[in-house]
Amino acid sequence: SASFLIGISPTPGYLPWTGLFVDQFDTLWAIDTSGNIYTKASFTNIFVYHGFSIAAARDITVAPNGDVYVCRADTMLKQTGGVGAFVPLPTNPGYWTSVSAAPNGDIICVGEKQTPYAGGVWVIYAGTNTFVKLSCDSDSDWSTVHAIAGGQFFAGQSTSIEGDGQVHIFG
């Protein structure tokens, strides 16, 4: 695997990042620890402020249809088509730690077990705004998720009392 540093002017490239996602157009979506959202088009070294700041944001993903999802501990927000305001989804069963868009448009969400929220692995099926808990999981604590082609995704458990600290493959 390769790693590289992109020098950016002004300095967003050197901010403490909390969430990163590359969409199907190779645009990098990034969220810093202050909740500011940036994009960087492929083959450029310039981050552009997306115009939104979401306090306590933890992760970001972009569905193939252009919808942007940002998770916070207490809610999942959606920006339709990558434009306009971020709106909370109508129900919120999780205490979210990570979110990832699958190539088929499903949104995979993972969270921690924090009263009154359930932990576990959830999916928002493409074209809906409804959370469905996957039966492959109990109320474990999960820290990160990444969806891949073929209906599979990888999820990492935290090392809390409700997690085993391992990466699991689903699908």
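Is Asp26 buried, partly exposed or exposed, and what is its relative accessibility? In this predicted model, Asp26 has a relative accessibility of 47% and therefore counts as partly exposed. The cut-off for exposed is over 50%. Asp26 sits in the loop that links strand S1 (17-22) to S2. Its phi is near 65°, a positive value in a residue other than glycine. Most residues other than glycine have a negative phi.

Ala56 also has a positive phi, near 65°, and is likewise not a glycine. This residue lies in the loop between strand S4 (48-53) and S5. Ala56 has 57% relative accessibility, so it counts as exposed.

The interior was examined next. Nonpolar side chains tend to be buried together in soluble globular proteins. Here the largest nonpolar core has 25 residues. Those with the most contacts inside this core are Ile37, Tyr69, Val70, Met76, Ile107, Cys109 and Phe131. Two or more residues each come from strands S2 (28-32), S5 (57-62), S6 (68-72), S7 (76-79), S9 (95-101), S10 (107-112) and S11 (120-124). S6 gives the largest share, four residues.

Tyr69 was followed in detail. Neighbours within four places in sequence were left aside. Tyr69 is then in contact with Asp59, Ile60, Thr61, Ala63, Met76, Leu77, Lys78, Leu89, Val99, Ile107 and Ile124. Another core lies apart from the largest one. This other core has eleven residues, among them Val110, Val123, Val145 and Phe153.

Key. Residues are numbered from 1 along each chain as its sequence is written. This is a predicted model: local features need pLDDT of at least 70, side-chain atom pairs count only at pLDDT 80 or more; totals for chains, interfaces and linings use all residues. Side-chain values use heavy atoms; hydrogens and water are left out. A nonpolar core is a set of buried Ala, Val, Leu, Ile, Met, Phe, Trp, Tyr and Cys residues joined through side-chain atoms within 4.5 Å. Buried means under 20% relative accessible area, exposed over 50%, partly exposed in between (1.4 Å probe, protein chains only). Contact means heavy atoms within 4.5 Å.
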